[in-house]
Structures are given as structure tokens and as C-alpha cells.
Amino acid sequence: MSRTYTAKIEVAAELPPPSPQEVVALCVYQDGANFCVYHEGGDSGRLSEGWGGILRAVEVSLAEGDFDGKEDSILLVHAPTEAGPRRLLLIGMGRIRDDDPEAFRRAGATAARQARAARARRLSLVVPLCYSQDRPVRALAEGAVLGCYDNGFYQNEEESPALEQVTVVAEEQDWYDARAVVGRARAVAESVNWARSLADEPGASLPPREFARRAAEMAAEFGLKVESLGADEIRARGMGGLAGVGQGSEEEPALIVVRYEPEDLLDDEDQDLWAFVGKGITFDTGGISIKHGLDMYEMKSDMAGGAAALGALRAVAQLRPRRRLAAVVPAAENMPSGRSIKPGDIVRTFAGYTIEVVDTDAEGRLVLADGIAYARHLGATRIVDLATLTGSIVVALGAHRTGLFSNDDAWAAEVTRAAERAGEPVWRMPVSDDYKKRIESPIADFKNYGGKPDAVAAALLLSKFAGETPWAHLDIAGTSRHEDPQPHAPKGSTGVGVRTLVELVCDDSRQ
């Protein structure tokens, strides 16, 4: 299957001419009195002019109980109009809520997936008039691109046609920045889809060196700088955590560094460098402390944090903020063999600290320790790391919140606000020496596992490598995958973290 991340997107003030290859998507609310083309007061806007057949089709569907507008509900109907027959996709939005970008993002993605299932090549998304336009325009466009993603890379069945054109239909007076908004939405969502495609790739197809090659390919396309360290240099630089985790595999580890440095900032010595450090375990068996086999196939996406860090720079390179950035991805396979690191071994990290390996399945914190220390070595003044790190964060927060740990309240607040704007909510968790006994070792500076609550202990260990640098750790173990197909997304990777990092960097209030 071809890896299509997007469709052509444009903004228009009215629907294009009817076509058998087109679907028109309308957002319908559960109260039935407020759907897509109406203002809250019931006064129809200019978008409803000439839409009599469409409006009647919606009203009939609501009146006869075929459709109730509940969240994530959908109905495809055929509507006769003055201009010709239309296929009309009704998307349930649930109860009316104040400006909710995530609801529109889900609606856009659902519309794209349903239009593709209906073998449509064109999709028109109508922006509800009851809201200010720019946030729904952006969210619908972003969602539509996210909905174009399909991870059936290796399926031989006949594919549904890819969407070729998405038209966001909005009031013309709100176009002052609609095209820029849609351009940003497309750049971000395409980058999310790119990150998803990496995390959904089978482990055999994406070992560390191939991960590094694809990062370099992306960097060359978008004008980013890239450097990859191989196994010999990783060992020579004293990165014992990364080297230790990777030594059990025939596939050598890699340290991937991608940098975004605007030319006008190259001579600015006062310009801070922010680093995004992503866990890049391309397959995780647990090593000698081997996992059970039932769900091990999902461990191909144990590098989702690394994919998100790289995906964020892919988007940033197109949006061009004035901010120096680096993505640091320590990549390795965690495999059992005669060369594998063993429980009880000691590794010496890039920062000089020693760690006793109690559990080889707690490998993520070993590679991140070296990644965070290397980010500081590059001069990073603020750090965010992302990792599918612990099962205990899934127990604590489930699949709807990412765990946020930080050593700096102000930085944690910035990351939290960015996550909220991105529709990727986080929940602040503790990091304090109250839990230090979990990581104390009698024979090394630290140990890598101390029992439950593991998410807190893991974050505390990572905080030791961040030192005084403002740092935030995002444990995405619960939010990085959809365990079942959703109306707006297939089973598999979500690309979580990309949108949050982009919002963090491109916050207009910081520019």
C-alpha cells in the first residue's frame, strides 16, 4: 500500500458542484436544533442559501430517529438539491460545548475515513457557523489529514481510493487567515501521520539503523541538520545505557540527532536550545527479563516517543518559528542473546553515573538517561522527553491522559497548556525524593527498577540526568496506541506528542 499522509486541502465559501465522487460532511449536535449551517439563534447563514434539499435531508433524519447526533455517530444519506444529488455524511457531535477543537478534529478525521470507505475522492467539510471560524477550520482540516492515515502498508487487498481533495467550507468574512490556518494544520497533521507510520512499522523493517536512515531522509527533505552515531562511537563516548541495551541484538544501536537552526539565529549566542528526547526502542522483547508473548507484537511501537520527537521537527521545519531545536533519539533493539545485558549488571552512563540493571525490561530509562545527558551536552536549556515507558502509567491514567513529570513548575505549566491546545491532555504526576528508595542501589549510584509505583520511580531516575535543566517527561505508554479501531482512527499508533511539541514551540505568545 502507498503511504499517503494527506490530501490536497483548500478553503471555499460554498460547496463545489455536485459529483458522484464527492461527500459533504455536516456536524450535527444532539439537541437537533443546531446543526452545521445554522447560527445558535436559528437564523440561517449564507451557507444555507440554495441548500434546501440538504437541510430537509438532515431534518428528516433527525425527525424520524435515523440519526440522533450522539458523539461519534454517523449516517450517510442522499440529498436532492437544486444543484443536483449529494451524498451527505452526518457526523454526531454530542451536546453543544463551548469551542471544542478536539471535537472538530475528531469530526474531520471521521469524515475523511468515512468518505474514503464510501469510495469518494472529494470531501467537503462545512464549518459550523455558531463558532468563531479559525479554530474549527484548523481542527477540521487537521482532523481530515489525520483521517487520511491508513496503516495497512502490507495488505494486498484492493485499496479504497485515496481522498484527493478536501474543501473546508467557511464563511468568507472569516478568511483573513483561513489559508494560513489550513496550511499549518496540514503541516502538523502530515507530520503526525509520518510519525504514526514509523511506529506502526514492523520491527524487522525498522531496526535502529533504518530508523536513522529515515530520519536522515526526512531531514534532507525539510532542510534539517542530522547526525547519527553508530555503535562504536556510542561506546567510545561512554553511553553505557544505550550500548548496554543494544548489545544483545544483531542490529546495532544508533543515536539520532536532528537539529532545526534558523539561519537568522545562528550567530545569536543568547538564543536557547530546546531538546526533545524520544525513546527509540525499535523492538522490545524485555531482553533477559523477557515479556510474555501475548501482546509482544505491539512492542514494535516502543519507539513512538522517538518518532514523535522527529515528527515535531518535521512540522517545525515547515512552520519556521524563531527557536533553536534538537531531537535526540537513542535507538536500539532490546533482545535476549548470549551477549545481552543481564540482571545485576552495572552500566556507566554518558553523564558518569552508574546504574544497576535490576530488570532488563526497564530498558527505556537506560537509553533515555544517555539521551537526556547528551541533550544537555549539546547545550539544551529546556528538555522534553517522550517515552512509552511504563505499564503503571496506563493503570494510573488509562488511554486518555499522558503522564507528565517535571522538575520545574513553570516549564510543566507551559507543556500542560500546549498539550491542552493540541488536544493531547496530560496529567501532572509527582517527582520527588520521597520515592528515592525505589531507585537506590547498594553497589551503584542508582538502580533501574524498584517495583511499583514504577512510573514515578522511572521519572525520578530520569530527573537525576536532567539535573537543574528545566525538564518534562511525558510517559505516553497509554496514549500512544489505539487498541481498537475508532471512528476517527485505525487500530495502531496515534502519533501522540507531535502536536503538543509543535504547540509548545509555536506558541504565539512566546514569539
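A helix here is a DSSP run of H or I with at least four residues, numbered from the N terminus. I note at the start that the model I am reading is predicted.

**Entry 1: empty space inside**

I looked up the cavities before anything else. A probe the size of a water molecule, rolled over the atoms, shows where empty space is left. I found five cavities of 30 Å³ or more in the structure. The largest cavity has a volume of about 70 Å³.

Which element gives the most to the lining of the largest cavity? I found that helix 2 does, with four residues. Helix 2 covers residues 101–117, and strand 4, residues 86–92, also supplies at least two residues of this lining. I wrote down the lining residues: Glu 71, Asp 72, Ile 91, Gly 92, Met 93, Arg 97, Ala 103, Arg 106, Ala 107 and Thr 110.

**Entry 2: helix 2 itself**

I went back to helix 2 to check its length. Its 17 residues should span 24 Å at 1.5 Å a residue, and its end C-alpha atoms are 24 Å apart, so the two values agree. I then asked how many of its residues are buried. The count is 13 of 17, so I call a residue buried when its relative accessible area is under 20%. Just after helix 2, I noted that Arg 119 has a positive phi of about 65 degrees.

**Entry 3: helix 5**

I looked up helix 5 next, which runs over residues 208–222. Its 15 residues reach 21 Å from the first C-alpha to the last, close to the 21 Å expected. The buried residues I listed are Pro 208, Glu 210, Phe 211, Ala 212, Arg 214, Ala 215, Met 218, Ala 219 and Phe 222. An α-helix has 3.6 residues a turn, so residues three or four places apart point the same way.

What do the buried residues of helix 5 pack against? I found two helices among the partners, helix 4 (178–199) and helix 8 (304–319). The strands are strand 7 (225–229), strand 8 (254–260), strand 10 (280–284) and strand 11 (324–334). Just after helix 5, Gly 223 takes a positive phi of about 75 degrees.

**Entry 4: helix 9**

Helix 9 spans residues 364–377, and I read its 14 residues as reaching 20 Å from end to end, close to the 20 Å expected. Is helix 9 mostly covered or mostly open? I counted twelve of its 14 residues as buried, so by the cut-off of under 20% relative accessible area it is mostly covered. Among the buried ones are Arg 365, Asp 370 and Tyr 374. Gly 379 follows helix 9, and its phi is positive, near 105 degrees.

**Entry 5: cysteines**

I searched for disulfides and the count came to zero. Cys 148 is in no disulfide, and the nearest cysteine sulfur, that of Cys 27, is 16 Å away. A disulfide needs the two sulfur atoms within 2.5 Å. I also checked burial: Cys 148 is buried, with a relative accessible area of 10%. Cys 506 is buried too, with 8%.

**Entry 6: an exposed alanine**

Is Ala 63 buried or exposed? At 68% relative accessibility I counted Ala 63 as exposed, because the cut-off is over 50%. Ala 63 lies in helix 1, residues 52–63.

Technical notes:
Residues numbered from 1 in each chain as written. Predicted model: local features only at pLDDT ≥ 70, side-chain atom pairs only at ≥ 80, totals over all residues. Heavy atoms only, no water. 1 Å grid on protein atoms, 1.4 Å probe; cavity = no way out; pocket = protein on both sides within 12 Å on 5 of 7 lines; lining within 4 Å. Points joined across faces, edges and corners; volume = space filled by probe spheres on them. Expected span 1.5 Å × (residues − 1). Buried < 20%, exposed > 50% of the residue type's maximum accessible area, 1.4 Å probe, protein only. Contact = heavy atoms within 4.5 Å.
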